[in-house]
Amino acid sequence: MVNSSLNKLGVLTSLFSFPFDFVLIPSKAIYIDAIVCIASRSGQITDHKKQTSDRSTSIIYLASDAYSRSPTSLIRLWDCQRYKTTHTDVHSHQAVTMAMFAVLLVAAFLGANAEKPISSPSYQRLVNFYKHLLPKSPVLLELWQEHLNNYTAMMEKRAVYRYPVPNFNCHTTTPWGGRDATSVHNLHPGDVKVVGAIGDSLTAGNGIDASNILGDLVEYRGLSWSIGGDGSLETGELTLPNILKKFDRNLYGYSLKTGGQSSANAMFNLADPGDTSYDMPGQARMLIDKMKADKNVDFLNDWKVITVFVGGNDLCDSCHDTAKYAASNYGANIRQALDLFHKELPRTFVNLATIFDIAPVAALSTGFFCSFVHALVCDCGDNRNNAGYLRDLAHAYQNELSTLVASGRYDTRDDFTVVLQPFFTNTEPPPKPGQPGDIDMTFFSPDCFHFSGKGHGAAALSLWNNMIEAVGHKQLEWHLDQPFLCPGSSKGQDHWFFATTNN
């Protein structure tokens, strides 16, 4: 039963652990009245003039318990005599607003069925909210529009939320000579014919250009940092494929525009929102089979670059199941996926990007909707008390990948390798220019969680530079405000090839 699987009380109470920074206006009083009526009938609220925020847990439980008994029981409670409140009772408004959203959320979480199973319970909650609850609630729609207007006003000075593309001239300073690489250790950017990627919503491109209530569920795959191919560097779309296209316009496999994992636009972008490390072997299998079946791919002879990045959903759900999301399991899941690539993919260079620490997500919880979405999609990260635990677990995930790559397990052939690209290792939300105490939210989509086009551009630049930087000299954070590196320009590198452990 959905109700029991969500652990309703634990999940719902965690949603309201953040402060509300707004006061309801009188036009929303009917919704407040209904909740106060529910609570007062149960004896939970006897004097609305008292600060009742500490009673929110009881109210939430009452709402969830009523729904679990009968979905119509909540509706029947709406015929209570209206309970008058005033817009000056701030504490009372905060408490009853929490309860109001509790009822709405219970209906969304327990009554809405997703179109497809999603591995991450946190991401499933986000989908239910955007698809089933938000479009049907006038109150939430009004609050969302207010949030979106503020977000748009903040962003309007930038062109479509893009990272400023540095000057790129590597294709002229280190041109491809037209010769075919004989080893993955002398792979020039111009040798690459096919690109692919596996991962979660950050590779699927969720919310990159979001501008409406469902925008953060739209998968803008063509703008994804590691696999998107919309536009070009000249038009402001900074992605790894658009960099590689400077060397060879016939590059193949990058995703375009929008669409899901199985859409035609996805091409070799097999990332799926909500997926965890447990889904990576399956995505790897799908990618291999798709490449083999595509007549545009010379499977045995084309050089391929595949980027693997996953772990955010593992971390976001880890506090609910520490055994399942232990670092050893994360490492084993990634190993299974890489083993498939190693066994079946010839002429392949795999980027293995490390996951970042999600604990700083709590600092992004500014304003109502940011806090609200974070509580849905990553309540483990939204709880500041988990910061130390999550930081240690993220580092343990990173160490699992580092140990796996350093083992030499994937360096047994001259035509295949896995290289750790660690630029996310120490990456944190960037500060506003000149305001180190404030986060630059232009790097994030309207849900204040996924990356905007600017965030994806920064990730693409950093991935490319990591690919050029010699092993042992790779930068461990975003390459913000830095130029493109060209092959041979990195410390410890004296050749024009992508850096590997053996060159």
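These legends go with several close-up views of a predicted model. Residues are numbered from 1 along each chain as its sequence is written, and side-chain values use heavy atoms, with hydrogens and water left out. Because the model is predicted, local features need pLDDT of at least 70 and side-chain atom pairs count only at pLDDT 80 or more, while totals for chains, interfaces and linings use all residues.

**View 1. Trp-225 meets Phe-423 in an aromatic pair.** Welcome to one of the 22 aromatic pairs in the structure. Rings of Phe, Tyr and Trp (its six-membered ring) pair if their centres lie within 6.5 Å; planes under 30 degrees apart are stacked, over 60 edge-to-face, and the rest tilted. Here the centres are 6.0 Å apart and the planes stand at 75°, so the pair is edge-to-face. Trp-225 comes from the loop between helix 10 (201–204) and helix 11 (240–244), and Phe-423 from the loop between strand 4 (416–421) and strand 5 (431–432), 198 residues apart. Helices (H or I, at least four residues) and strands (E, at least two) are DSSP runs numbered from the N terminus. Both Trp-225 and Phe-423 are buried, where buried means under 20% relative accessible area, exposed over 50% and partly exposed in between (1.4 Å probe, protein chains only).

**View 2. Phe-356 and Phe-424 form an aromatic pair.** This pair is edge-to-face, with 5.1 Å from centre to centre and 70° between the planes. Phe-356 sits in the loop between strand 3 (348–353) and helix 15 (368–377), and Phe-424 in the loop between strand 4 and strand 5, 68 residues apart. Phe-356 counts as buried at 15% relative accessibility, and Phe-424 is buried at 0%.

**View 3. Lysines sit over the rings of Phe-299 and Tyr-278.** A charge sits over a ring if NZ of Lys or CZ of Arg is within 6 Å of the ring centre and within 35 degrees of the ring normal. The charged end of Lys-304 is 5.2 Å from the centre of the Phe-299 ring. Lys-324 lies over the face of Tyr-278, at 5.5 Å from the ring centre.

**View 4. A disulfide joins Cys-170 to Cys-486.** A disulfide is counted when a pair of cysteine sulfur atoms lies within 2.5 Å, and by this rule there are three. In this one the S to S distance is 2.0 Å, and the link is left-handed, with -85° about the S-S bond. Cys-170 belongs to helix 9 (residues 170–173) and Cys-486 to the segment after helix 18 (453–468), so the link ties together parts 316 residues apart in sequence. Cys-170 is buried at 1% relative accessible area, and Cys-486 is buried at 11%.

**View 5. Cys-316 and Cys-378 form a disulfide.** Their sulfur atoms are 2.1 Å apart, and the torsion about the S-S bond is about -95°, so the disulfide is left-handed. Cys-316 lies in helix 13 (residues 312–317) and Cys-378 in the loop between helix 15 and helix 16 (379–382).

**View 6. Cys-319 and Cys-380 form a disulfide.** The sulfur atoms of Cys-319 and Cys-380 are 1.9 Å apart. Cys-319 is partly exposed, with a relative accessible area of 31%, whereas Cys-380 is buried at 0%.
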